[in-house]
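Dear colleague,

Please find below the structure I am handing over to you, followed by a summary of what was found in it.

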Amino acid sequence: MAAALLAMTALTGASLAQGVTLSYYVDDNPTNVATAEGLKAAFEAENPGIKIDIETHPGGGEGDNLVKTRLATGEMSDVFRYNAGSLFQALNPPQTMLDLTDEPFQANVIDSFKPVVTAPDGRVYGVPEEAAMGGGILYNKKIYADLGLSVPKTWAEFMANNEKIKAAGKTAVIQTFGDTWTSQLFVLGDFFNVQAAVPTFAADYTANKAKFATTPAALRGFEHGEEVFKAGYLNEDFAAAKFDDGLRMVSTGEGAHYPMLTFAIGGIAQNYPDNLQDVGFFAIPGDDAAKNGLTVWMPAAVYISKTTQHPEEAKKFVAFIASTKGCDVRSAANGATGPYLIKGCALPDSVPPAVSDLLPYFQEGGQTAPALEYLSPVKGPALEQITVEVGSGIRSAADGAALYDEDVKKQAQQLGLAGW
């Protein structure tokens, strides 16, 4: 018996020595880290010969630069999570990533997602890692109930609600410029309203025939940030507050409105579960109640670095993510935050109010529009710094929009777009 045990131990040791360790690179948002840890645990349990090492990087522009640098220097992790859409295009996928077009797991991916991870060469390089999400306003339902407020369908109604909230001695609008990426929602989340007013804006913008500064409907997003600052609706610590501060404030009723993407519902479920039922969601209101709708973000994706030494094991991990098991891991880690784009992935019967508020925009038809970054490859790297300046009263909305128009020029030229 002892000899058999010794032999088994030796065999196990040999097996481990021959095992493969994959590196998995994700941003350090707690929600995404929790999902990554869940994927690691579930995948390793099914695949004892493959280990996953999770590496993290900061979000926003700093993270974008790190991802680009690691890809450019051949030092990228085997598998990495990153945006789809215009930021994906900026990574030069045919030169830096494995082509996943013909992998069997692509049959699990809903077709509407594939264009946002397809490079100009027509090949598909990623699969969705999370649920689709909306960009709008998380709001505290208790404050709304206490003050008798209704969900606004126009910007004027939203500002009227803000005035009543301020008069009641509460913070009307939460901003968290300590994490600069959070500053962009009034601009990016307003795109449904831009497209409703100027249906050709995305194409004209890509062709350098339309600008934020000279298109009144597009300028409105910058004006929203300026208006809420000038009206004194922001939390006192808006310049230093971080993303999690924003989640705490809107969850606990320290503030009423937090412009944010709905993936944040996962962070609330994780860090403030007792307040999850107190948070609702609505799209950023435009000027016409009859045209109220939601700007939608496609999920971030996972990709495989072209320099990986373990392509088959990496594909196995990506296939796991692009399966109903992957969806289940995400729901278990962060709760249900929106519709999944993997076939067969269903939302639980009981979802948080903010997710319930999100679904009608999808169900009623015609009430959603993709964010601009999925319709145009043009997105400048400095938007988050510019929207911090506008939202802090440092720069006017008109100046911010004009500066952003200049910011996108370099990227458009690097992409070789006609008209730039």
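Of the contacts in the protein chain between residues at least 6 apart in sequence, 77% join residues at least 24 apart, a contact meaning heavy atoms within 4.5 Å. This is a predicted model, in which local features need pLDDT of at least 70 and side-chain atom pairs count only at pLDDT 80 or more, while totals for chains, interfaces and linings use all residues. Residues are numbered from 1 along each chain as its sequence is written, and side-chain values use heavy atoms, with hydrogens and water left out.

Regarding confidence, the protein chain has an average pLDDT of 91, and 95% of the residues score at least 70; pLDDT is the predictor's confidence in each residue, from 0 to 100. Residues 1-17, however, have a pLDDT below 50, and this stretch makes zero contacts in the model beyond near neighbours in sequence. Where pLDDT is low, the predicted coordinates should not be read in detail.

As to the overall fold, the protein chain contains 18 helices and 11 strands; these are DSSP runs numbered from the N terminus (helices: H or I, at least four residues; strands: E, at least two). The radius of gyration of the protein chain is 22 Å, which agrees with the value near 22 Å for a compact globule of 420 residues; the radius is taken over C-alpha atoms, and the globule rule is 2.2 Å times the number of residues to the power 0.38. The C-alpha trace spans about 80 × 50 × 40 Å along its principal axes. Of the 420 residues, 55% are buried (buried: under 20% relative accessible area; exposed: over 50%; partly exposed: in between; 1.4 Å probe, protein chains only).

Asparagine 29 lies in the loop between β1 (20-27) and α2 (30-46). Asparagine 29 counts as buried because its relative accessibility is 8%. Leaving aside neighbours within four places in sequence, asparagine 29 is in contact with Trp181, Phe243 and Phe263.

Most residues other than glycine have a negative phi. Asparagine 92, although not a glycine, has a positive phi of about 55°; its place is the loop between α4 (86-89) and α5 (93-96). With 40% relative accessibility, asparagine 92 is partly exposed. Asparagine 208 has a positive phi near 60° and is found in the loop between α10 (201-206) and α11 (216-230). Its relative accessible area of 26% makes asparagine 208 partly exposed.

Yours sincerely
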